[in-house]
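Have a look at the structure first, then read on.

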Amino acid sequence: MIRTLASLLAAALLIVGAGPARAEGFDSRDIMGGGPNFRLGGASPIPRQTVSFSGPYAPGTIFIDTAERRLYLILPNGQALRYGIGVGRDGFRWSGVHRISAKKEWPGWTPPSQMLARRPDLPRYMPGGIDNPLGARAMYLGSTLYRIHGSNEPETIGQAVSSGCFRMTNDDVKDLYDRVSVGTTVVVKN
């Protein structure tokens, strides 16, 4: 019993003491608003829940309220699934109506030229995986540069930190991804 407790304590100390790896000159935590509180995965600080919803949208529509920092998947009978999201920081928020044009699991990421102009230190391409800023799933919005995507930075949910994309925890984006299809209407209110 004591040996088991000692082993567990030693393992916990190793985990706590081991900070995130940092590559020379490039820290993947800083790509899209990360920082010193970076964590791999984790629960959303804003729990997903079913709520009452009234509005002119058909079931299956995604409605995003950037001011509220919430994404709603409209359900039948005046209800919706509400998710916490991260939104674009000042100067990067937008509104409009698009459709999901593609869905990808563990997508690779190529920073757009506008982002590379602001951040020339970024990689030109990053393969999909746990360190990728797009997270576990991505849903592409029309022909725009914007996506609804996962994130390995749950502490940024509810914040305005992105370059215009809508980020969710990996658990939440997987849930939404499985519920919607290509062609789903996405309404963004700024």
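This is a predicted model: local features need pLDDT of at least 70, side-chain atom pairs count only at pLDDT 80 or more; totals for chains, interfaces and linings use all residues.

## Overall layout

Residues are numbered from 1 along each chain as its sequence is written, and side-chain values use heavy atoms, with hydrogens and water left out.

The predictor's confidence in each residue is pLDDT, on a scale from 0 to 100. Its mean over the chain is 82, and 77% of the residues reach 70 or more. Residues 1-41 are another story: pLDDT stays under 50 there, and the model has 47 contacts beyond four places in sequence for them. A contact means heavy atoms within 4.5 Å.

## Packing

Of the 190 residues in the chain, 43% are buried, meaning under 20% relative accessible area (1.4 Å probe, protein chains only). Among contacts with a separation of 6 or more, 65% are between residues 24 or more positions apart.

Helix 3 (residues 170-179) has N170, D172, V173, D175, L176 and Y177 as its buried residues. Their cover includes strand 2 (62-65), strand 3 (70-75), strand 4 (79-84), strand 6 (96-105), strand 7 (137-141) and strand 8 (147-149).

## A look at V188

V188 sits in strand 11 (residues 185-189). Is V188 buried or exposed? It counts as buried because its relative accessible area is 5%.

Setting aside neighbours within four places in sequence, V188 touches I64, T66, W94, S95, G96 and F166. V188 and F63 are 125 residues apart in sequence, yet their C-alpha atoms are 6.1 Å apart in space.

## The second largest pocket

The second largest pocket holds about 190 Å³ of space. Twelve residues line this pocket, and P112, R118, L145, Y146 and S163 are the closest to its centre. A pocket is an open set of points on a 1 Å grid over the protein atoms alone, where a 1.4 Å probe fits, with protein on both sides within 12 Å along at least five of seven lines; lining residues have an atom within 4 Å of a point.

Helix 2 (residues 113-118) gives the most to this lining, with three residues.

Definitions and conventions: Grid points are joined across faces, edges and corners, and a volume is the space filled by probe spheres set on the points. Helices (H or I, at least four residues) and strands (E, at least two) are DSSP runs, numbered from the N terminus. Buried means under 20% relative accessible area, exposed over 50%, partly exposed in between (1.4 Å probe, protein chains only).
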